[in-house]
Amino acid sequence: MQREMTADRPRAESERSGDGFRAWLSGRWTVENAADVEREIGGLVASAGDAGHVVLDLSALDRLDTLGAWVLDRTRHEFGANGVAADFVGAKPEHRILLNEVAYRGFQPEPVKRSATFMDIMADTGETVVRAGRDFAAGISTLGEMVTAFVRVCVIPGRFRFASVTNQIEQIGFRGVPIIVLISFLVGCIVAQQGIFQLQRFGAQAFVVNLVGVLVLRELGVLLTSIMVAGRSGSAFTAEIGSMKMREEIDALRVMGLDPVEVLLVPRVLALVISLPILSFLSSMAALLGGGLVAWIYGGIPPEAFLVQLKNAIAVNTFMVGVIKAPFMALVIGVIAAIEGVAVEGSAESLGHHVTAAVVKSIFMVIVLDGFFAVFFAALRY
Amino acid sequence: MAGERTFGSPGAQPEPIIRVHDLQVGFKDRLVLKGLDLDVYRGEILGFVGPSGQGKSVLTRTILGLIPKRAGTIEVFGQDVDALSVPERRAMEQRWGVLFQQGALFSALTVRQNVQVPMREYLTLSDRLLDELAMLKIEMVGLKPDAADKLPSELSGGMIKRAALARALSLDPEILFLDEPTSGLDPIGAGEFDELIATLQKTLGLTVFMVTHDLDSLYTVCDRVAALGDGHVIARGPIEEMLASDHPWVRSYFHGKRARAVMGTAAA
């Protein structure tokens, strides 16, 4: 390999005569020998010492590229700056052109970022608070825009994008069914198994039915579904909107007189609001099935007994508590995903950052919202 | 000028630096390149033209190893690319630079960092030299020093092209692949870009493989032109030979209204 040949590595031989200093350069002063170039030139400058006149003879130079030319011209310049006259002699025409082309000049160094730890922490904290405030305001305003767009669509039904909504329902709802049902089934099994294991110490293992029934219908079904949907569809939503923004597709919509909120956001959020209650219903049923199965096999509660006990343990309101929460969870996921998607800037890094933020924020907000609902329903004694 | 021009030392036989023989590339059931032959000689600027969608970029990407080929051989620097070991392949990749059509700058890095990526990866350099070299390349391609610390998303189309060229040049490559270097530039910017390529080719002894639609580029900087049609090279040679070609597409390309306008100004 030509690149790996070190036989032609750059060399400098020098001779000192009185006040003068003469160096003969040979070999390849090129980028693949960069480390050698730097070392040779360092040695050359050192051996020149306090000479008053320096001549660099380039006639035996084999190859030169921009790196070599830059280092040579920089050295000449530095000699000059120290009051030493330095010249090139015997440069081949093509090397001469290259030396002129690179022509040494000072560059301002890369700006160094100063860091003061305490101030940085304070500044970061402040920034985070301000950003959280902005996020909240942006959330309200995006929600407002969506509601307006939705109302507009309702008033002029011709503008309702039915195909888009059904397509999104397929993506978010239908294609999400298997994984959500599977996870809920497994969680139902685990809750029932743990319930039986702990309750049998008091001889109260029959109450596992109440535990599974109430826990799944009120909390687990909707929570598991929301978290899965945030991870599955919220991220996709942000990535779609974000990459559309990066590629100016959103601007293209806007200049065609189409409202991106109406075209992109409303169908997606609407699909979320429709899909999530259905998914959370399926999730609850799967979890109850899992719980019932474990109660039968592991706890010895036959299915008929399970159903009778379940009927006593829950009422319509238990089921409704879960279902009522679902559309609100969907709205939170949709709004956060939309805000993060629109906030994507030019870089791939920014896209990744916002997709992560969308998932983390929506899962967090889903859980916070669930807490508020718990307080709310407790106050209503529902 | 009659016949093939010679490059390098006068009288010497032109040495092919890239040699493509009987190359076939296809996607699914469609064959895009149907046994294409092309030589690129050391030190020349070769302009590669052809109708849109006929596989100009496919050829470039196949030579670069980004698209698998179905048949044929590709030799670069006299080595068959199929016969290379992984380290040899890496070494070869250091000897060419590529300017992608959209620039393909790393969006998370500043221009300076973009230019430094290959240098950091392959060279052992002091920080000072690393910085100076990056700035040198950035200035060589005609960018202002204050562009060095900007992110690609803050640059205009022309600046992206220049920054991407600076990155392509960062390891002082022997071959430069340019995919539509002047598309999206204003005529003055495009003219400057052409001049830049010509200067770099002279000073650094580059071989340039340029996919282009820009007739100005073909007239002003290209030593030879090759035209692609129906999966083959349908005409090749200096621009004068292309003008004399009687292939219908080549005729309409070089004798169309736009071409006549360019020729008129070139002759004036």
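# A guided look at a two-chain predicted model

Chain B and chain A bury about 2800 Å² between them, with 57% of it on carbon and sulfur atoms. The model is predicted, and the conversation below starts from this interface.

Visitor: How many residues of chain A are in contact with chain B?

Guide: The contact between the two chains can be counted from either side, and on the side of chain B there are 32 residues that take part. On the side of chain A, the number of residues in contact with chain B is 32.

Visitor: Which salt bridge joins B:R128 to chain A, and how far apart are the closest N and O atoms?
Guide: Across the interface of chain B and chain A there are two salt bridges, and seven residue pairs are in polar contact. B:R128 forms a salt bridge with A:E78, and their closest N and O atoms are separated by 2.6 Å.

Visitor: Which element gives the most to the side of chain B that touches chain A?
Guide: The elements that give two or more residues to this side of chain B are helix 2 (86-93), helix 3 (111-122), helix 4 and helix 6 (187-204) of chain B. By class, the side that touches chain A has twelve nonpolar, nine polar and eleven charged residues. The element that gives the most, with ten residues, is helix 4 of chain B.

Visitor: Is B:K137 buried or exposed?
Guide: The side chains of B:D172 and B:K137 meet in a salt bridge, at 3.4 Å from N to O. The pair links distant parts of the chain, for B:D172 is in the loop between helix 5 (157-168) and strand 7 (175-179) of chain B, whereas B:K137 is in helix 4 of chain B, 35 residues apart. B:D172 has a relative accessible area of 9% and is buried. Because its relative accessible area is 3%, B:K137 is also buried.

Visitor: Where does B:E192 lie, the residue whose partner is B:R162?
Guide: The side chains of B:R162 and B:E192 meet in a salt bridge, at 3.2 Å from N to O. B:R162 is buried, with a relative accessible area of 12%, whereas B:E192 is partly exposed, at 43%. The two are 30 residues apart, with B:R162 in helix 5 of chain B and B:E192 in helix 6 of chain B.

Visitor: Why are A:E127 and A:R131 separated by about one helical turn?
Guide: A:E127 forms a salt bridge with A:R131, in which the closest N and O atoms are 3.3 Å apart. A:E127 is partly exposed, with a relative accessible area of 46%, and A:R131 is partly exposed too, at 45%. They are separated by about one helical turn because they are four residues apart in helix 4 (residues 117-155) of chain A.

Visitor: Which side chain makes a polar contact with the side chain of A:E219?
Guide: A:E219 is found in helix 7 (residues 208-246) of chain A, and with a relative accessible area of 21% A:E219 is partly exposed. Not counting residues up to four places away in sequence, A:E219 touches A:V214, A:K325 and A:D370. A:E219 and A:D370 are 151 residues apart in sequence, yet 8.0 Å apart in space, C-alpha to C-alpha. The polar contact, at 3.1 Å, is with the side chain of A:K325.

Visitor: Which residues are in contact with B:H232, leaving aside its neighbours within four places in sequence?
Guide: B:H232 lies in strand 10 (residues 232-237) of chain B, and B:H232 counts as partly exposed because its relative accessibility is 33%. The C-alpha atoms of B:H232 and B:S52, which are 180 residues apart along the chain, are separated by 14 Å. Leaving those neighbours aside, the residues in contact with B:H232 are B:K34, B:G35, B:L36 and B:A227.

Methods
Residues are numbered from 1 along each chain as its sequence is written. Chains are lettered from A and ligands numbered from 1 in the order in which they are written. This is a predicted model: local features need pLDDT of at least 70, side-chain atom pairs count only at pLDDT 80 or more; totals for chains, interfaces and linings use all residues. Side-chain values use heavy atoms; hydrogens and water are left out. Buried means under 20% relative accessible area, exposed over 50%, partly exposed in between (1.4 Å probe, protein chains only). Contact means heavy atoms within 4.5 Å. A polar contact is a pair of N or O atoms within 3.5 Å; within protein, one must be able to donate a hydrogen and the other to accept it, and residues adjacent in sequence count only if both atoms are side-chain atoms. Buried area is the accessible area (1.4 Å probe) that two parts lose on being put together, summed over both. A salt bridge is a side-chain nitrogen of Lys or Arg within 4 Å of a carboxyl oxygen of Asp or Glu. Ala, Val, Leu, Ile, Met, Phe, Trp, Tyr, Cys and Pro count as nonpolar, Asp, Glu, Lys and Arg as charged, and the others, Gly among them, as polar.
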